[in-house]
Amino acid sequence: QVQLVESGGGLVQAGGSLRLSCAASRYIFGMSTMGWYRQAPGKQRELVATITNGGSTNFLDSVRGRFTISRDSAKSTVWLQMNSLKPEDTAVYYCNARVPGPVDYWGQGTQVTVSS
């Protein structure tokens, strides 16, 4: 049973920064894309950022230019650097790792709250 362990969430004022980390409990063989999703109260889950095994990245339009995603495949770890945070970024953030099948592994979620 693979666990994705997330950390780095918290409460921050608008304009501030947070860095989310996610590490798998063991090496995930064949892992392709890793990423971050978020779900705000009363809203559907949305994809925030992804990074492929080759390093290609994709971002939600509203976070492009403010967020950065990076990974260390050997350590099965992914980070999300969040800068210039806005109240609308408030959500529970979930780490995701995908392997061909496709099979998805998910973190438990970490709360990010941005105050005005």
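How many bridges pair β1 and β3, and in which sense? Four, and the sense is antiparallel. The close-ups below come from a predicted model, where local features need pLDDT of at least 70, side-chain atom pairs count only at pLDDT 80 or more, and totals for chains, interfaces and linings use all residues. Residues are numbered from 1 along each chain as its sequence is written, and side-chain values use heavy atoms, with hydrogens and water left out.

**View 1. An open sheet of four strands, in the order β1-β3-β8-β7.** Pairing here is antiparallel; strands are DSSP runs (E, at least two residues) numbered from the N terminus, and two of them pair if DSSP finds at least two bridges between them. The edges are β1 (4–7) and β7 (67–72), each pairing on one side only. Neighbouring strands are turned by 15° against each other on average, direction ignored (axes are lines fitted to C-alpha atoms, with angles from 0 to 180 degrees between N-to-C directions).

**View 2. The hairpin of β7 and β8.** Six bridges join β7 to β8 (residues 77–82), and the two run antiparallel. Asp72 stands opposite Thr77 in β8. Four residues lie between the strands, and Ser76 takes a positive phi near 50°.

**View 3. The disulfide of Cys22 and Cys95.** Their sulfur atoms are 2.1 Å apart, and the count comes to one disulfide (a pair of cysteine sulfur atoms within 2.5 Å). The pair links distant parts of the chain: Cys22 belongs to β3 (residues 18–24) and Cys95 to β9 (residues 91–99), 73 residues apart. The link is left-handed, with -85° about the S-S bond. Both Cys22 and Cys95 are buried (under 20% relative accessible area, with exposed over 50% and partly exposed in between, using a 1.4 Å probe and protein chains only).

**View 4. Arg45 over the face of Tyr37.** Arg45 lies 5.1 Å from the ring centre. A charge sits over a ring if NZ of Lys or CZ of Arg is within 6 Å of the ring centre and within 35 degrees of the ring normal.
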